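Keep the viewer open and find each residue as we come to it.

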Amino acid sequence: ARSTAIFSAIPDTMFILNDKGKIIAICSHPDNTPWLTAGAESTLSQSLPEKIVSLYLGAVHRARNHGTVELFEYPLKLANGKTRYYENRIVVIDPKETLCLVRDITERKDSENKIFHLAYFDNLTGLPNRQSFMERLEGEIKRAQFTGNKLAVLFLDLDGFKSINDTMG
């Protein structure tokens, strides 16, 4: 009863992989991971693209070899056409089983993207802003120095633009 209460209080989906990559149990909240299917012969490769399966298996391998908790994220395009983002923690239970905790982080990723857009793009025009330009210029200067190439910057000025900008935005 205690374990059931703990599992139901955790918002993550938890599933157990055996040493052959088969999903042997889903512990909680499979509604948060509609792509996850469980059954006697269910494998990650039946539920996920090959690239993401490789992420899981690599993390399982590292967790087993180093005794660490492995953490990774990935985007996943669902059958409805929407992209969701997931964060995963991989923990070794014993030599034959691994616990995988999956959290839907789509809202967090969307918020990060909105913050990035607000910080680096003009609201009115949608064009990159001064902060974006300065960071890109710094990167290009470093790249030119590293490669031994030259860099040119073209500066254009529009007469009377300040008054237009002040009155019309």
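Asp94 is found in strand β4, where strands (E, at least two residues) and helices (H or I, at least four) are DSSP runs numbered from the N terminus. This is a predicted model, in which local features need pLDDT of at least 70 and side-chain atom pairs count only at pLDDT 80 or more, while totals for chains, interfaces and linings use all residues. Residues are numbered from 1 along each chain as its sequence is written, and side-chain values use heavy atoms, with hydrogens and water left out.

Back to Asp94: it has 31% relative accessibility, so it counts as partly exposed. On that scale, buried means under 20% relative accessible area, exposed means over 50%, and partly exposed is in between (1.4 Å probe, protein chains only). A polar atom of the Asp94 side chain lies 2.8 Å from the backbone nitrogen of Lys96. That's a polar contact: a pair of N or O atoms within 3.5 Å where, within protein, one must be able to donate a hydrogen and the other to accept it, and residues adjacent in sequence count only if both atoms are side-chain atoms. Now look for Asp19, which is 75 residues from Asp94 in sequence but 9.6 Å away in space, C-alpha to C-alpha.

What does β4 pair with? On one side of the story there's β3 (residues 70-77), which pairs with β4 in the antiparallel sense over 8 bridges. Two strands pair if DSSP finds at least two bridges between them. You can check this residue by residue: Pro75 has Tyr85 as its bridge partner in β4, and Leu76 has Arg84. The hairpin of β3 and β4 has 5 residues between the strands, and Gly81 there takes a positive phi near 90°. Strand β3 also has two faces: Glu70, Phe72, Tyr74 and Leu76 make up the covered one, while Leu71, Glu73, Pro75 and Lys77 sit on the uncovered one.

Strand β4 also runs antiparallel to β5, and 8 bridges join them. Here the hairpin has 2 residues between the strands. Tyr86, for instance, stands opposite Asp104 in β5.

Asp104 has another partner too, as it forms a salt bridge with Arg84, the closest N and O atoms being 2.7 Å apart. A salt bridge is a side-chain nitrogen of Lys or Arg within 4 Å of a carboxyl oxygen of Asp or Glu. Asp104 lies in β5 and Arg84 in β4 (residues 83-94), so this pair ties together parts that are 20 residues apart in sequence. Asp104 is partly exposed, with a relative accessible area of 28%, and Arg84, at 28% relative accessibility, counts as partly exposed as well.

How many salt bridges does the structure hold? There are 11. In one of them, the side chains of Asp12 and Arg103 meet at 2.7 Å, N to O. Asp12 lies in the loop between α1 (2-9) and β1 (13-18) and Arg103 in β5 (residues 97-104), so the pair ties together parts that are 91 residues apart in sequence. Is Asp12 buried or exposed? With 8% relative accessibility, Asp12 counts as buried, whereas Arg103, at 36%, counts as partly exposed.

Elsewhere, salt bridges that share partners join Glu73, Glu87, Arg108, Lys109 and Glu112 into one network.

Last stop: the largest pocket, with a volume of about 1000 Å³. A pocket is found on a 1 Å grid over the protein atoms alone, as an open set of points where a 1.4 Å probe fits, with protein on both sides within 12 Å along at least five of seven lines; lining residues have an atom within 4 Å of a point. Grid points are joined across faces, edges and corners, and the volume is the space filled by probe spheres set on the points. The largest pocket is lined by 22 residues, and Pro128, Arg130, Phe133, Phe155 and Leu156 lie nearest its centre. Helix α5 gives the most to this lining, with 5 residues. The lining residues divide into 13 nonpolar, 4 polar and 5 charged, where Ala, Val, Leu, Ile, Met, Phe, Trp, Tyr, Cys and Pro count as nonpolar, Asp, Glu, Lys and Arg as charged, and the others, Gly among them, as polar.
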